[in-house]
Amino acid sequence: MRVIKRTKNKLLFGGIAVAIVAVLIIGGVLLLNHPASPSPASSAKTPAEQPPFTAVLPKGKTINQLGGWNRLSPPNSDPVYVYNDTIDDIAITVTEQPLPQALQTDTATQIASLAKGYNATDQLKAGDTTVYIGTSAKGPQSVILSKSNLLILMKSQATINDSAWSTYAESLQ
């Protein structure tokens, strides 16, 4: 009888401990997801970090309209920056970086080779720029191009028609 009572007490104590931990975790998550009211000084939006190179954006759009730049690369490495946009209501991510040294000689051939490595084998023209597109079986696309001495990689959440990609790539300035 004594063994059963000890087992019940251990189970009861263990259940209480689990309940307390669960309440603490849930409370912490709720607290983190419900920030305190911002003070007037902290409510001002911080300016977007600017890439240390001349980046391109779609004509007629500002980086603030696109949600700002985000650095993708670690601080002590070559700079790679990203912003988000949409084409025909489909979300895209645009990554830009200065053209790497290895791609600066015979750039067109080097970009074609890089694109092939990403299975971006469909080509289209956007003005003077060749755009390489790869489409996954589930629809998202990877796009590679070089413009204004930049390597530009784009990723879509779904398939975008060639004409829209071409217009977007051509608008980058």
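Author: Two strands count as paired when DSSP finds at least two bridges between them, and with that rule in hand we can read this predicted model.

Reader: How many residues lie between β5 and β6 in their hairpin, and which residue in the turn has a positive phi?

Author: Five residues lie between β5 and β6 in this hairpin, and within the turn G139 has a positive phi of about 115°. The two strands run antiparallel and are joined by four bridges, with I133 standing opposite V143 of β6.

Reader: Which strand does β6 pair with over six bridges?

Author: Strand β6, residues 141–147, pairs over six bridges with strand β7, residues 150–156, again in the antiparallel sense, and S142 faces K155 of β7 across this pairing. The hairpin of β6 and β7 has two residues between its strands, and there S148 takes a positive phi near 55°.

Reader: In what order do the strands of the open sheet follow one another?

Author: The sheet has seven strands with antiparallel pairing, and its order is β1-β2-β3-β7-β6-β5-β4. At the edges stand β1 (70–71) and β4 (122–126), and because each has a single partner strand, one side of each is left without a neighbour in the sheet.

Reader: Why can β6 be called largely enclosed by the rest of the structure?

Author: The cut-off to keep in mind is that a residue is buried when its relative accessible area is under 20%. Five of the seven residues of β6 are buried, so this strand is largely enclosed by the rest of the structure. Helix α2, residues 107–117, lies across β5 (129–135), β6 and β7, and runs at about 170° to β6.

Definitions and conventions
Residues are numbered from 1 along each chain as its sequence is written. This is a predicted model: local features need pLDDT of at least 70, side-chain atom pairs count only at pLDDT 80 or more; totals for chains, interfaces and linings use all residues. Side-chain values use heavy atoms; hydrogens and water are left out. Contact means heavy atoms within 4.5 Å. Axes are lines fitted to C-alpha atoms, for helices over the stretch in contact, and angles run from 0 to 180 degrees between N-to-C directions. Buried means under 20% relative accessible area, exposed over 50%, partly exposed in between (1.4 Å probe, protein chains only).
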